[in-house]
Amino acid sequence: MSKIMMSEEMKSAPAAPSPLRRLLCWEGFLLAVTLAVFVVNALASPYFLNIWNLSDATFNFTEKAIIVLPMAMLIIAREIDLSVASTMALSSTAMGFCAAAGMDTPLLVAVGLGVGLLCGLFNGILVTRFNLSSIVITIGTMSLYRGITYILLGDKALNQYPESFAWFGQGYVWGALSFEFALFILLAAAFT
């Protein structure tokens with residue numbers, strides 16, 4: 001009896017879509033548009049596919065891509081963190097005050113990572129130890145971190161960073177490989 005049912009189930013199982021059918025879906029359309037844009041731009045400008053142009057283009061998305069890596073892990077775990085931007089604001093405010101006080105680049109990086117780690121640890125403890133909803137906690141800490149930032153900073157801007165600090169956002173590790181993109185590649189490999 002079970003052999004008959006299995007053969008009937010196999011007959012009713014849908015066949016794998018053909019390659020042409022896969023290309024006709026939304027993702028296939030987006031791939032075709034992307035390829036068309038690359039071809040048209042490469043024909044329009046000899047600098048479009050230049051390695052330095054492509055490297056500089058990574059500056060537009062690398063920071064966001066680095067932030068997405070841990071966010072993807074949270075989403076896979078069926079959780080969410082809405083306080084990411086506020087954590088970044090608080091971390092960068094702390095770094096700005098430390099830079100204005102004369103701290104050098106390695107200490108600024110340590111301060112930024114430390115403040116971000118403490119904010120994330122606080123969120124994590126509230127969610128895991130007290131079994132609270134991550135969306136509720138991170139909405140609250142979003143307001144908390146943003147409020148602390150506003151109290152500390154107000155409408156001022158902190159821009160007294162040392163020149164060496166700019167390397168993290170605009171420096172190159174090797175040839176046209178920017179530090180940001182190299183860091184993203186390493187982090188993406190680690191998260192994978």
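The side chain of Thr-62 lies 2.3 Å from the backbone oxygen of Thr-58. The model in which this contact was found is a predicted one. Thr-62 belongs to helix 5, which covers residues 62–76. Its relative accessibility is 0%, so Thr-62 is classed as buried, the cut-off for that class being under 20%. When neighbours within four places in sequence are set aside, the contacts of Thr-62 are Glu-180, Phe-181 and Phe-184.

Helix 5 also takes part in the lining of the largest pocket, as do helix 6, helix 7, helix 9 (167–170) and helix 10 (179–191), each with at least two residues. The volume of the largest pocket is about 1300 Å³. Its lining consists of 32 residues, of which Ile-66, Ile-67, Met-88, Gly-112 and Leu-113 are the closest to the pocket centre. The greatest contribution to the lining comes from helix 7, which supplies nine residues.

Helix 7 also contains Leu-126. This residue has a relative accessibility of 18% and therefore counts as buried, since the limit is under 20%. Residues up to four places away in sequence excluded, Leu-126 is in contact with Asn-131, Leu-132 and Ile-137. The C-alpha atoms of Leu-126 and Phe-61 are separated by 31 Å in space, and the two residues by 65 positions in sequence.

Ile-137, contacted by Leu-126, is one of the buried residues of helix 8; the others are Ser-134, Thr-138, Thr-141, Tyr-145, Thr-149 and Leu-153. These residues lie on the same side of helix 8, because the arc they cover around the axis is only 110°. In an α-helix there are 3.6 residues a turn, so residues three or four places apart point the same way. Helix 6 (84–100) and helix 7 (105–128) are among the elements that cover the buried residues of helix 8. On the face turned away from the buried side, helix 8 carries the exposed residues Val-136, Tyr-150 and Ile-151.

The length of helix 8 was also examined. Just after helix 8, Gly-154 adopts a positive phi of about 65°.

Terms used: Residues numbered from 1 in each chain as written. Predicted model: local features only at pLDDT ≥ 70, side-chain atom pairs only at ≥ 80, totals over all residues. Heavy atoms only, no water. Helix = DSSP H or I, 4+ residues; strand = E, 2+ residues; numbered from the N terminus. Buried < 20%, exposed > 50% of the residue type's maximum accessible area, 1.4 Å probe, protein only. Polar contact = N/O pair within 3.5 Å; in protein donor to acceptor, adjacent residues only side chain to side chain. Contact = heavy atoms within 4.5 Å. Arc of directions from axis to C-beta. 1 Å grid on protein atoms, 1.4 Å probe; cavity = no way out; pocket = protein on both sides within 12 Å on 5 of 7 lines; lining within 4 Å. Points joined across faces, edges and corners; volume = space filled by probe spheres on them.
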